[in-house]
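Here are a few notes on the model, as requested.

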Amino acid sequence: MCFALDLDEDPDLIAQYRRWHRAGGVPEGVIRAIRQAGIDAMEIWLTGNRLFMVMEVAEGFDLAAKTQADASDPDVRAWEELMWRFQRPLPWAEPGEKWVAAERIFDLGQQPGK
């Protein structure tokens, strides 16, 4: 699963955002919630002020259930509130939508030949 989101175009805020995401920077409760939801691997990539999040999820992963669980988790809510200081929704995001799902339009593995 892939998602995209923008950051403010402020170099100082982007630097702070990077620091929050280095190893050990994300609160333990947030990491626990990610893993308990069935997310096996997660990476966030940055170019300019655009973020791309890539997740490998367990069979049966339910994004709606994860979203609902996050809404009642005080650690996740506090983290998301802090992160909104740096983040900006994509222009085509729905009201209140944060990370926007990306659609896969190419897969080398599905192409003919070797």
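The points below take these topics in turn for a predicted model.

1. The largest nonpolar core contains 19 residues. Within this core, Y17, F86 and W99 have the most contacts. At least two core residues come from each of β1 (2-7), α1 (11-20), α2 (28-36), β3 (50-57) and α4 (74-83).

2. Which residues does Y17 touch, leaving out those up to four places away in sequence? They are L7, L51, M83, F86, Q87 and W99.

3. The axes of α2 and α4 come within 8 Å of each other and cross at roughly 110°. This angle falls in the range 65 to 115, so α2 counts as roughly perpendicular to α4. The crossing of α2 past α4 is left-handed.

4. On the α2 side, the contact is made by G29, V30, R32 and A33; α4 contributes D75, V76 and W79. Sorted by class, four residues of this contact are nonpolar, one is polar and two are charged.

5. R50 is in strand β3. Is R50 buried or partly exposed? Its relative accessible area is 28%, and buried would require under 20%, so R50 is partly exposed.

6. Apart from residues up to four places away in sequence, R50 touches L5, D6, W45, L90 and W92. D75, one of the α4 residues in the contact with α2, lies 25 residues from R50 in sequence and 25 Å from R50 in space, C-alpha to C-alpha.

Terms used. Residues are numbered from 1 along each chain as its sequence is written. This is a predicted model: local features need pLDDT of at least 70, side-chain atom pairs count only at pLDDT 80 or more; totals for chains, interfaces and linings use all residues. Side-chain values use heavy atoms; hydrogens and water are left out. A nonpolar core is a set of buried Ala, Val, Leu, Ile, Met, Phe, Trp, Tyr and Cys residues joined through side-chain atoms within 4.5 Å. Buried means under 20% relative accessible area, exposed over 50%, partly exposed in between (1.4 Å probe, protein chains only). Helices (H or I, at least four residues) and strands (E, at least two) are DSSP runs, numbered from the N terminus. Contact means heavy atoms within 4.5 Å. Axes are lines fitted to C-alpha atoms, for helices over the stretch in contact, and angles run from 0 to 180 degrees between N-to-C directions. Angles under 35 degrees count as roughly parallel, over 145 as roughly antiparallel, 65 to 115 as roughly perpendicular and the rest as oblique. A crossing is left-handed if the near helix is turned anticlockwise from the far one by less than a right angle, and right-handed if clockwise. Ala, Val, Leu, Ile, Met, Phe, Trp, Tyr, Cys and Pro count as nonpolar, Asp, Glu, Lys and Arg as charged, and the others, Gly among them, as polar.
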